[in-house]
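Subject: Handover of a structure

Dear colleague,

Please find the structure below, followed by a short account of what was found in it.

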Amino acid sequence: MPFDFKKEYKDLYGTGKEPVIVKVPKISYAAVRGQGDPNEEDGAYQKAIAVLYAVSYTIKMSYKGTHKIPGFYEYVVPPLEGFWWQEKKGRPADKNDHEGHAIDKSAFHWISLIRLPEFVTEEEFARAVKAASDPKIKRRRFSQSRLNRFFTCTIYQYDI
């Protein structure tokens, strides 16, 4: 049975109606960063998410290839996670944020992430980026993907 991060770390992936404080351990992520409307067809966000999933599934399915990653175990690709923010513009509109500022989706800044198992090193990540960016596959901006290691932190989590 593949390891399922969402099931094994329910405190990190489960949200409730009431805010909770969660202590997050050191975790590795494949990450992309950008700006733009997430709903724009074939926009920056859509392309970035395609890169994230291509790299994540290349690592997940690597055991079927000739290169064997040391310490590899089968796992379920964890859910997409992200950070979203917008620079304050201070103009009123029909759709406002909590402080009355207009929400302009084209001005969204974002970092989107997919958790990676601890056996994924910088070298293995680079190998996956190279494999996923094979010229036979549709060209995407794989250079924008990064391996990030977040250190232990405390977060305030809730479902909005």
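Arg 127 counts as partly exposed, because its relative accessible area is 40% (buried means under 20%, exposed over 50%, and partly exposed in between, with a 1.4 Å probe and protein chains only). Its partner is Glu 124: the two side chains meet in a salt bridge, at 3.6 Å from N to O. A salt bridge here is a side-chain nitrogen of Lys or Arg within 4 Å of a carboxyl oxygen of Asp or Glu. Side chains of opposite charge can pair when their charged atoms come close. The structure holds one salt bridge.

Before going further, please note how the model is to be read. This is a predicted model, in which local features need pLDDT of at least 70 and side-chain atom pairs count only at pLDDT 80 or more, while totals for chains, interfaces and linings use all residues. Residues are numbered from 1 along each chain as its sequence is written, and side-chain values use heavy atoms, leaving out hydrogens and water.

The protein chain has an average pLDDT of 80, and 74% of the residues score at least 70; pLDDT is the predictor's confidence in each residue, from 0 to 100. Confidence is highest in strand β4 (residues 75–76), at a mean of 98, and lowest in strand β8 (residues 153–157), at 57. Helices (H or I, at least four residues) and strands (E, at least two) are DSSP runs, numbered from the N terminus. Where pLDDT is low, the predicted coordinates should not be read in detail.

Glu 124 and Arg 127 also belong to the lining of the second largest pocket, which includes Thr 58, His 67 and Ala 131 as well. Helix α4 gives the most to this lining, with four residues, and α3 also supplies at least two.

Helix α3 (residues 44–60) is the place of Tyr 57. Tyr 57 is partly exposed, because its relative accessible area is 40%.

Finally, Ile 111 is found in strand β6 (residues 108–116). Is Ile 111 buried or exposed? Ile 111 is buried, because its relative accessible area is 16%.

A pocket is defined on a 1 Å grid over the protein atoms alone, as an open set of points where a 1.4 Å probe fits, with protein on both sides within 12 Å along at least five of seven lines; lining residues have an atom within 4 Å of a point.

Yours sincerely
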